[in-house]
Amino acid sequence: MTVKRRNHGRNRHGRGFCGALLVCDGCGGRVPKDKAIKRFQVRNIVDNSSMRDIRDASAYEVYTVPKMYLKMTYCVGCAVHRRIVRGRAKEARKIRDPPQRRKFQSH
């Protein structure tokens, strides 16, 4: 039988069952831990307009507001819908290198 993906869309090599089911942050469905698409979302705790107010009212000259680190887990359907991952052509599926990361720009 022909196979679409080398790993059958899972990351479970050598194990029969991965145990945990994760909850999709998009639809609330249950996804096997090895099949879920996991991404870290880094956000500021406050939005930009409030950040300016805090900076003006702060007693400290240099104060960095802490960030919020959220580990988001999605099922395949929600990840494709939100464009976190995309379907790739047959030859492009074989490319296993991670995509190029954006350069960090300091202002």
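This note goes through a predicted model point by point.

1. Basis. The model is predicted, so local features need pLDDT of at least 70 and side-chain atom pairs count only at pLDDT 80 or more, while totals for chains, interfaces and linings use all residues. Residues are numbered from 1 along each chain as its sequence is written, and side-chain values use heavy atoms, with hydrogens and water left out.

2. The core. The largest nonpolar core has nine residues: C24, V31, A36, I37, M72, Y74, C75, C78 and A79. Strand 4 (67-74) and helix 2 (76-81) each supply at least two residues of this core. A nonpolar core here is a set of buried Ala, Val, Leu, Ile, Met, Phe, Trp, Tyr and Cys residues joined through side-chain atoms within 4.5 Å. Buried means under 20% relative accessible area, exposed means over 50%, and partly exposed lies in between (1.4 Å probe, protein chains only). Helices (H or I, at least four residues) and strands (E, at least two) are DSSP runs, numbered from the N terminus.

3. Contacts of C24. Contact means heavy atoms within 4.5 Å. With neighbours within four places in sequence left aside, C24 touches G29, V31, T73, Y74, C75 and C78.

4. T73. This residue is in strand 4. T73 counts as buried because its relative accessibility is 11%. Its side chain reaches the backbone oxygen of V23 at 3.0 Å. That is a polar contact (a pair of N or O atoms within 3.5 Å; within protein, one must be able to donate a hydrogen and the other to accept it, and residues adjacent in sequence count only if both atoms are side-chain atoms). Apart from neighbours within four places in sequence, T73 is in contact with L22, V23, C24, D25, I37 and K38.

5. The salt bridge. The structure holds one salt bridge. D34 and R10 form a salt bridge, with their closest N and O atoms 3.0 Å apart. The two ends come from distant parts of the chain, 24 residues apart: D34 is in the loop between strand 2 (30-32) and strand 3, and R10 is in the segment before strand 1 (21-23). The term requires a side-chain nitrogen of Lys or Arg within 4 Å of a carboxyl oxygen of Asp or Glu. Side chains of opposite charge can pair when their charged atoms come close. D34 counts as buried, at 11% relative accessibility, whereas R10 counts as partly exposed, at 22%.

6. A surface patch. F40, V42 and Y69 form a nonpolar patch on the surface, with about 380 Å² of accessible area together. Patches are made of residues with over 30% relative accessible area and no salt bridge; like charges are joined within 9 Å, and nonpolar side chains (Val, Leu, Ile, Met, Phe, Trp, Tyr) within 5 Å. Accessible areas come from the Shrake-Rupley method with a 1.4 Å probe, and for residues only the protein chains shown count as cover. V42 is in strand 3 (residues 37-44) and counts as partly exposed because its relative accessibility is 47%.

7. Most residues other than glycine have a negative phi. H8, not a glycine, has a positive phi of about 60°. H8 is in the segment before strand 1 and is exposed, at 58% relative accessibility. R83, also not a glycine, has a positive phi of about 60°. R83 is in the segment after helix 2 and is exposed, at 62% relative accessibility.

8. D97. This residue lies in the segment after helix 2. D97 is exposed, with a relative accessible area of 62%. The C-alpha atoms of D97 and I37 are separated by 16 Å, and the two residues are 60 residues apart along the chain.
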